[in-house]
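Here is a short note to read beside the model. Keep the structure open and look up each residue as it comes up.

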Amino acid sequence: MRAKETANMAKAPTATQTDVIRSAVALANRPSVDHFLYVGDLPLPDEAFRGNPRARKRLVQAVVAASQRDVIEAAGIQVLPLPEYDLGRPEKLKIALVSGITRGIYKEGDVVVSLLSRKPTTYPDSILVVTVGQDDEEGSFGFLQAKGVSPGLMDALIELAISIGVEGWEGRPVGALFVVGDSNTVMEKSRQLTLNPFQGYSEDEKNIMNPDVRHALHAFAVLDGAFVVREDGCVMAAGRYLNFDQDQDLDVPLGLGARHMAAAGISRDSEAIAIVVSQTSGSVRVFRRGKAALELAPRMRRS
């Protein structure tokens, strides 16, 4: 069933959901609020915005279904893409905020009223008010940007990492490490562990924005070493061993292994962003400036 048809056939929100929507709109209409973020595929009822013009103007919607994004954009609402995987509310909110930050929608200190749905095709049932934090704040991901790396490329890498975490490869869980941005420095600080499967291909044939290339990356995740991705999305190499200054302390949570240490180290010693998929849990962590700035935990892994 197409997303537009799903939206048209959806039941009206319950009394409780209607109250949640009205409360969120009222909050988002306040002068002290900068943005209104709705995480869900269904359109909000027009009557919820009557008498609340600021909230309607501030609305940005994070949507899973690609066809439904067109429907929402046609209504004049800015859209942020979400991966098509079973993620909890916190994970979807994190991805939406990061996507908005990379697009310049949200900046440090902005207050965002967030309206969240449990599933894409259900109406929202919870509200969270967040402030985009400063770079040095614990758990902040407001600085999760790298020079020259487009929002679309970050979206593609995060979705690819989640897909590897959820699906593994041929029924087996696998881990992976992607390093994007400051690619010249990363190549200088790394060496080839195995033959580079991307050597000799044209740049169009190894650009991560190509779905076929993302499928190949998914398959090559079984290789040891890191993928190095240039700022424009071109995969420079796979199977790279990352060198970093091991004499300096790294801010890596206990229990995480060599792949996470390498991600933290290369992101500290360069201007790159490192995205790690845990083979053990399927969780995705994004490192910037030596710290885990974002963690995403899919609710279910496929076997």
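Is the crossing of H6 and H8 left-handed or right-handed?

1. Ground rules. This is a predicted model, where local features need pLDDT of at least 70 and side-chain atom pairs count only at pLDDT 80 or more, while totals for chains, interfaces and linings use all residues. Residues are numbered from 1 along each chain as its sequence is written, and side-chain values use heavy atoms, leaving out hydrogens and water.

2. The helix pair. Two packed helices are described by the angle between their axes and the distance between the axes. Helices (H or I, at least four residues) and strands (E, at least two) are DSSP runs, numbered from the N terminus. The axes of H6 and helix H8 (residues 211-220) come within 10 Å and cross at roughly 40°. Axes are lines fitted to C-alpha atoms, for helices over the stretch in contact, and angles run from 0 to 180 degrees between N-to-C directions. H6 and H8 are therefore oblique to each other; angles under 35 degrees count as roughly parallel, over 145 as roughly antiparallel, 65 to 115 as roughly perpendicular and the rest as oblique. The crossing of H6 and H8 is right-handed, meaning that the near helix is turned clockwise from the far one by less than a right angle.

3. Who meets whom. On the H6 side, Ala156, Leu160, Ser163, Ile164 and Glu167 meet Arg214, Leu217 and His218 in H8. Contact means heavy atoms within 4.5 Å.

4. More on H8. Val213, Leu217, His218 and Ala219 are buried in H8. Buried means under 20% relative accessible area, exposed over 50%, partly exposed in between (1.4 Å probe, protein chains only). The buried residues of H8 pack against H6, strand E6 (176-180), strand E8 (226-229) and strand E9 (235-242). Asn210 caps the N-terminal end of H8, with a side-chain oxygen 2.8 Å from the backbone nitrogen of Asp212.

5. The cores. A nonpolar core is a set of buried Ala, Val, Leu, Ile, Met, Phe, Trp, Tyr and Cys residues joined through side-chain atoms within 4.5 Å. The largest one has 52 residues; Leu37, Tyr106, Ile162, Phe178, Leu217 and Ile275 touch the most other members. Helix H6 (residues 151-167) gives the largest share of this core, 9 residues. Apart from it lies another core of 21 residues, including Val20, Ala28, Val113 and Leu115.

6. Asp110. Find Asp110 in the loop between helix H5 (89-102) and strand E4 (111-116). Asp110 counts as buried because its relative accessibility is 4%. Leaving aside neighbours within four places in sequence, Asp110 is in contact with Asp34, His35, Ile105, Val130, Thr131 and Val132.

7. Glu203. This residue lies in the loop between strand E7 (190-192) and H8. At 44% relative accessibility, Glu203 counts as partly exposed. Not counting residues up to four places away in sequence, Glu203 touches Arg230, Asp232 and Cys234. The side chains of Glu203 and Arg230 make a polar contact of 2.8 Å.

Terms used: A polar contact is a pair of N or O atoms within 3.5 Å; within protein, one must be able to donate a hydrogen and the other to accept it, and residues adjacent in sequence count only if both atoms are side-chain atoms.
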